[in-house]
Amino acid sequence: MIRSKPSLRRRRLIGAAAVAALVVALVPGAASGQEPGPDPRIGLGPGWLDAQSAISNLDLLAHRDKPAGFVNPANPGDFGFVASDLAFGGDHAFVGNYNGFNIYDVSQPADPTLVTSVVCPGGQGDVSVHGNLLFMSVEETRGRLDCGTDPTAGTRFQGVRVFDVSDVANPVQVAAVQTCRGSHTHSLVTDPDDSANVYVYVSGTAGVRPSSTMAGCNNTPASGVDPARWRIDVVKVPVAAPEQAALVSGPRLFADPATGAIDGLQNTPPAPTHPSGGTWSPSPVTDACHDITAYPELGLAAGACEGNGILIDISDPANPVRIDEVADPNFAYWHSATISNDGTKVVFTDEWGGGTGARCRTTDQPQWGANAIFDIVDRKLRFASYYKLPVPQTAQENCVAHNGSLIPVPGRDILVQAWYQGGISLMDFTDSAHPREIGYFDRGPISPTATVLGGFWSAYWYNGQIYGSEIARGFDVFGLRPSDHLTAAEIAAAREVRLPEFNPQHQTKIGWAPSFAVARARFDQLLRTCTTTITGRHNGPLTATGVTCLDGARVNGPVTVRPGASLLAIDASISGPVSAANAAAVHLYDSTVRGPVSITGTRGSAAVVAAEIHGPVTLTGGGTGTIEPIIADSTVRGPLSCSGNSPAPINLGAANTVSGPAAGQCATLD
């Protein structure tokens, strides 16, 4: 374990995280990584509200059973009361349900409170939030325009409802846009150049409704006149007048650009049966999208469209255009997508079995019902790897890849993901070719003898915690625990990211304000890559090559960091000068240097934090254009001079003590 002796100021900044790390080290069963022996998820006892559970690198902070009216106690898996997707706005979580939606106050994540329940049947009940507006998908023919509960009366409704939730205790439906195939899911799409309107991409996968219930609907073949299949529907919603929401286009995202045929993608399964030998379930034939994840700031979206994964240009939100497509003979049903924060990767999920089947058994191969990770290169999709939940589930547990979101750890790509009754899994896909699990939570099956629908529909990160929508059991809140895979500083840096709202199929570009947590997170990430680690006494000069780490080391002699190499020092003592020219990174934490420090032309991050330097410090010509060099909470017994760094060095509000003049870019850091 890395030792540190933070100053009083630093103790205040990282003390809570350090305590959390200590707790992890002391609590039995809280091991990080893969536990010795059988995986604790194997053999969990069954039960509806009393199943056994297993957890790693997470804390279950709270659980709330489904409220009355949104569950059938005689049949917890009743499809009429399935808890579906989640959205967040301010201090509230909006939990979709086939029978309506529920709103929780999550201002205290460990104690969520139910604010109100809205009964409005019709499935699928997926929700999104934009300001004071809530959007809800309605797919089933039992849906009524007025949210009535008698499916034999009233005007039929299939499409997207719009509610005003400015008073969260009393949501009011203000619009309802009908579509020919209803709305299985929908995607909120904002326009960076037009804040007055928001767009909703409607993915309808149900059968085409009769024209008697909506004019213009037809089930004609692709060669017919304006068929209702082989398209998505785009709804434009004026934010100030949502009652004017209306369909504005029906993009043919699957067309063959050479022939113009609207059914230009996969029209038959790649083989008569699934590679497992069974039926395709569902059949991967592309006549709709299941999910489309929009990333407006990149002008990009990723569509999971039944038989294909597609990449979409959404720079004109009303008229999206397909720019690439892929297929996979292992995929039964392209279901959802998540794009990395930097837009260089996309994770597609395969909902083999449609979400109701047990597809995580020991006999199911890791490339079936899995994630497929693609790199995005020159706006083209390149396959990198598969990721499947790494522990088998029983034949009584519906299990397959489902909905997740990014955890905003700077410098890493981490997805928290629901796997139905496979639980929740945290996947690190920073290396797209080698994804790995770094945490999980799982409950035993609902029934010991039959497959009863249940498990996590969604697992999303929102403003510091993970929230889960459990189909049969309710609403869960989780916190991250420090581990070898995710340090206290990385978790703290992720928690510093605050969003006004979060929607499952709408990604916002994440940025990290400079902070001690962010800086230390970079240090911790480099620490995992050490090629040389020195922990004791080192006599004589030291030349840092690769990634050289000084962990409590005592170096008697000068330290030279070669070009392209990195030096990481914590709780170290160096009797001699430290010089680095064109290094990859230089970090001095809680360390003493008895001599000058010269850091020139650093290509990556540089940090001098809570250090004591007996000599001048010079920081020249470094920086990446995005990461600020840091000199903070340190004592410099000599002059401090900085010039030509981009960005300029900062002290994170923790002034340094400088006995000589502070000059250039560092003139204000003392």
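**Pocket, disulfides and parallel sheet**

By class, 17 nonpolar, 14 polar and five charged residues make up the lining of the second largest pocket. The model described here is a predicted one. The volume of this second largest pocket is about 540 Å³, and of the 36 residues that line the pocket, those closest to its centre are Leu-499, Phe-502, Gln-507, Thr-508 and Ile-510. Several strands give two or more residues to the lining, among them strand 11 (185–191), strand 12 (194–203), strand 15 (291–295) and strand 30 (501–502). Strand 23 provides the largest share, with four residues.

Turning to the cysteines, the count comes to six disulfides. With bonded cysteines numbered along the chain, they follow the pattern 1-2, 3-4, 5-6, 7-8, 9-10, 11-12. Three of these links are described below.

Cys-120 is joined to Cys-147, with an S to S distance of 2.0 Å. The link is left-handed, with -65 degrees about the S-S bond. Cys-120 sits in the loop between strand 6 (113–119) and strand 7 (124–130), whereas Cys-147 sits in the loop between strand 8 (133–138) and strand 9 (159–164), so that the pair links distant parts of the chain, 27 residues apart. Both Cys-120 and Cys-147 are buried.

In the disulfide formed by Cys-360 and Cys-399, the sulfur atoms lie 2.1 Å apart. The torsion about this S-S bond is about -75 degrees, and the disulfide is therefore left-handed. Because Cys-360 is in the loop between strand 20 (345–350) and strand 21 (371–377), and Cys-399 is in the loop between strand 22 (380–387) and strand 23, the pair ties together parts that are 39 residues apart in sequence. Cys-360 is buried at a relative accessible area of 4%, and Cys-399 is buried at 0%.

Cys-530 and Cys-549 are also joined by a disulfide (S to S 1.9 Å). A torsion of about -90 degrees about their S-S bond makes this disulfide left-handed. Cys-530 belongs to the loop between helix 3 (516–527) and strand 31 (532–534), and Cys-549 to strand 34 (residues 547–551), 19 residues apart. Cys-530 is partly exposed, with a relative accessible area of 25%, whereas Cys-549 is buried, with 2%.

An open sheet is formed by seven strands in the order 32-35-38-41-44-47-49, with parallel pairing. Strand 32 (537–539) and strand 49 (657–658) stand at the edges with a single partner strand each, so one side of each is left without a neighbour in the sheet. Within the sheet, strand 38 (residues 573–575) pairs with strand 41 (residues 592–593) in the parallel sense over two bridges. Here Ile-574 stands opposite Val-593 of strand 41.

Key
Residues numbered from 1 in each chain as written. Predicted model: local features only at pLDDT ≥ 70, side-chain atom pairs only at ≥ 80, totals over all residues. Heavy atoms only, no water. 1 Å grid on protein atoms, 1.4 Å probe; cavity = no way out; pocket = protein on both sides within 12 Å on 5 of 7 lines; lining within 4 Å. Points joined across faces, edges and corners; volume = space filled by probe spheres on them. Nonpolar A, V, L, I, M, F, W, Y, C, P; charged D, E, K, R; others polar. Pairing = 2+ DSSP bridges. Disulfide = S-S within 2.5 Å. Buried < 20%, exposed > 50% of the residue type's maximum accessible area, 1.4 Å probe, protein only.
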